[in-house]
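Trainee: I am new to this structure. Could you take me through some of its side chains?

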Amino acid sequence: MAAPGPGEYFSVGSHVSCITCLGQRLQGEVVTFDYPSKMLTLKCAPSSGKPNLSDVVLVNLAYVSDVDVISDRAETPPTLASLNFNKLVNRARAEKEDKLSQAYAVSAGVSVEGQQLFQTIHKTIKDCRWQEKNIIVMDDVVISPPYQVDNCKGKDGSALSHVRKIVMYKNENKKSSLVSFSP
């Protein structure tokens, strides 16, 4: 691909206005611009009306009919904050593992209650996984269907006690949400 010519790039910090193919006018400050993909990121006025917030909009310039530079940034943009690449990689790996675990539960035929219980436990105890239709917590506690307090098995101790409390709390909340009150 050829190098960008004049007027084919946008400086970070510039203010631009564009009209989408749907006729929507977008106006904001350029946050990023990727020439090869023709993607522009704008920081726009908040749609919520809250003054301390901004909307961030990704614009595919292939679907824009007109772009006007309102004001170009004269000074150099501030330096970007450094990223902790290892932290990003670990976060991506953890998210992938979570999604694979959810997909496994669905494909194994785990009930919705079992999936919800797994997610509830996983919020506070990351060391939990599926073993067929059983939930394994910290390699010490096994919760089998139908995922009630009586189905929690393991070595007596704080781990078993804690998991039983989570299961009991989850089941109580489920029951209370099903109760209807009549005046």
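This is a predicted model: local features need pLDDT of at least 70, side-chain atom pairs count only at pLDDT 80 or more; totals for chains, interfaces and linings use all residues.

Trainee: How many aromatic pairs does a search of the whole structure find?
Mentor: Rings count as a pair if their centres lie within 6.5 Å. With that cut-off, the search of the whole structure gives two.

Trainee: Are the rings of F10 and F33 stacked or edge-to-face?
Mentor: Their centres are 5.0 Å apart. Planes over 60 degrees apart count as edge-to-face. Here the planes are at 85°, so the pair is edge-to-face.

Trainee: Which parts does that pair tie together, and how many residues apart are they in sequence?
Mentor: F10 lies in the segment before β1 (15–20). F33 lies in strand β2 (residues 25–34). The pair therefore ties together parts whose separation in sequence is 23 residues.

Trainee: Is F10 buried or exposed?
Mentor: Buried means under 20% relative accessible area. F10 has 14%, so F10 is buried.

Trainee: What about F118 and W130: are their rings stacked or edge-to-face?
Mentor: The ring centres are 4.9 Å apart. Planes under 30 degrees apart count as stacked. These planes are at 20°, so the pair is stacked.

Trainee: Where do F118 and W130 lie?
Mentor: The pair ties together parts that are twelve residues apart in sequence. F118 lies in helix α2 (residues 112–124), and W130 in strand β6 (residues 128–131).

Trainee: Is L83 buried or exposed?
Mentor: L83 lies in the loop between β5 (64–71) and α1 (85–107). Exposed means over 50% relative accessible area. L83 has 69%, so L83 is exposed.

Trainee: What accessible area does the nonpolar patch with L83 have?
Mentor: L83, F85, L88 and V89 form this patch on the surface. Together their accessible area is about 420 Å².

Note on methods
Residues are numbered from 1 along each chain as its sequence is written. Side-chain values use heavy atoms; hydrogens and water are left out. Patches are made of residues with over 30% relative accessible area and no salt bridge: like charges are joined within 9 Å, nonpolar side chains (Val, Leu, Ile, Met, Phe, Trp, Tyr) within 5 Å. Accessible areas come from the Shrake-Rupley method with a 1.4 Å probe; for residues, only the protein chains shown count as cover. A salt bridge is a side-chain nitrogen of Lys or Arg within 4 Å of a carboxyl oxygen of Asp or Glu. Helices (H or I, at least four residues) and strands (E, at least two) are DSSP runs, numbered from the N terminus. Buried means under 20% relative accessible area, exposed over 50%, partly exposed in between (1.4 Å probe, protein chains only). Rings of Phe, Tyr and Trp (its six-membered ring) pair if their centres lie within 6.5 Å; planes under 30 degrees apart count as stacked, over 60 as edge-to-face and the rest as tilted.
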